[in-house]
Amino acid sequence: MTTPEPSTTARLSAPVRFVLGLGVLVGFSAAGQALVTVTGLPLPGSVVGLALLWAALGLKIVRLHWIADAADGLLGILGLLFVPATVGFIGYLSAGAEWGLWLLVMTAGLLLGGGVAGVLASRLARPEPPPTEA
Amino acid sequence: MAWIALTLIAFALGVVLQARVRSPLANPTLVATLIVAAVLLVGGIPHADYLKEVQPLTALLAPAIVALAVPMYRLRALLARQWRSLVIGGLSGTLVGVGADVLFSRVLGLGDEARRSLLTAPATSPVALQLAQFTGAPPALAATLAVLSGLVGALILPGFLTLIGVRHPLARGLAIGAVSHGVGTARAREEGEATGAASSIGMGLAALLVTLVVAGVGRG
């Protein structure tokens, strides 16, 4: 990978910076997928790609300003990208009344698991000035 | 192309609705899902045909998940200070979630396919899909229940966490990500960057833990 001068990349127009960022993100997603395929790990390639990108940012191999616009853009519509998958429930409408039980079990798991995670994490959180959201 | 247009416009409608109605049910993903599902059902269109058409949209999901590294990197100092609470909270929550799914589907006498599919529901749907070969779940059902678990979690968890007094942004995000992965993380980001970053960590830990649990069960 060529490493452009930060001064040059910082002066790119917003659309070009978006394209550069999208390219880097897709590249890391492909790298994550390739790593999963080679190693046979039963993990999603995108989550492995996330870890790789986090490491690359930490090691300054990738600069934050290359990808910030594209990342913020994609994350702003993250909920949209799940719609094709969530619509998949129509394939199981024939299960009918069973859905009530599935949702009941799922809800119990969510409340218990989420509740334990939330309570434990807030108890174990080290005291510090509460992180501001600004 | 018409299906992409419908999906985009339905989601935008959901966002507009959310801005007007202060209800958790005005979730853009839920609104878009219901609109698209209704049109597909009325038109008698199979989900597979729809999926093929909206492939360009789905192709953006993987880079969007990768993009979650950006808020995590921006907040690295905060996350590094709180890693103990995040790791212990996230792993315990996911484990309790999986345990509850297993226990309650036994107690309620659910069918074999649903029981196996619910086992991986706290993990993001690509993980559920890949683990289906180990759990013996029908892959499509495992993926569907996983993604719906995210949706239901996005709807009920924020209110529930407030109810039980969990106010810390990191703890709230972590709890949402630990059991409702990607869709939950999209919702958690609405509360702020720290909540969203903690949710991505919860999602990653859940993917790892559910994989390990299933691999362990599969070997045994």
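How many salt bridges does a search of the whole structure find over all chains? The count is eight, where a salt bridge is a side-chain nitrogen of Lys or Arg within 4 Å of a carboxyl oxygen of Asp or Glu. Here are some notes to go with the view above.

1. **Ground rules.** This is a predicted model, in which local features need pLDDT of at least 70, side-chain atom pairs count only at pLDDT 80 or more, and totals for chains, interfaces and linings use all residues. Residues are numbered from 1 along each chain as its sequence is written, chains are lettered from A and ligands numbered from 1 in the order in which they are written, and side-chain values use heavy atoms, with hydrogens and water left out.

2. **The interface.** In chain B, 95 residues are in contact with 72 residues of chain A; contact means heavy atoms within 4.5 Å. The two chains bury about 7,300 Å² between them, 80% of it on carbon and sulfur atoms. Buried area here is the accessible area (1.4 Å probe) that two parts lose on being put together, summed over both. One salt bridge is found across this interface.

3. **Arg74(B) and its partners.** The side chains of Arg74(B) and Asp72(A) meet in a salt bridge, 3.0 Å from N to O. Arg74(B) is partly exposed because its relative accessibility is 30%, and Asp72(A) is likewise partly exposed at 34%; the class lies between buried (under 20% relative accessible area) and exposed (over 50%), using a 1.4 Å probe and protein chains only. Arg74(B) also forms a salt bridge with Glu193(B), with the closest N and O atoms 2.9 Å apart. Helices are DSSP runs (H or I, at least four residues), numbered from the N terminus.

4. Glu191(B) and Arg172(B) form a salt bridge whose closest N and O atoms are 2.9 Å apart. Glu191(B) sits in the loop between helix H12 (169-188) and H13, while Arg172(B) is in helix H12, 19 residues away. Arg172(B) counts as buried because its relative accessible area is 10%. Through shared partners, salt bridges join Arg172(B), Arg187(B), Glu190(B) and Glu191(B) into one network.

5. **Ser46(A) at the contact.** Ser46(A) lies in helix H3 (residues 45-58) of chain A. With a relative accessibility of 11%, Ser46(A) therefore counts as buried. Leaving aside neighbours within four places in sequence, Ser46(A) is in contact with Ala62(B), Ile65(B) and Val66(B).

6. **A nonpolar surface patch.** Leu101(A), Leu104(A), Leu103(B), Val107(B) and Leu108(B) form this patch, with about 440 Å² of accessible area together. Such patches consist of residues with over 30% relative accessible area and no salt bridge, nonpolar side chains (Val, Leu, Ile, Met, Phe, Trp, Tyr) being joined within 5 Å; areas come from the Shrake-Rupley method with a 1.4 Å probe. Helix H7 (98-124) of chain A and helix H8 (83-107) of chain B each supply at least two of the patch residues.

7. **The UniProt record.** The unreviewed entry places the feature "transmembrane region" at residues 12-31, 43-62, 74-93 and 99-121 of chain A; such annotations may be inferred rather than shown by experiment. In the model, residues 99-121 are 100% helix, with end C-alpha atoms 32 Å apart. Residues 12-31 are 90% helix, and their end C-alpha atoms lie 25 Å apart.

Notes
Patch = residues over 30% accessible without salt bridge, like charges linked within 9 Å, V, L, I, M, F, W, Y side chains within 5 Å.
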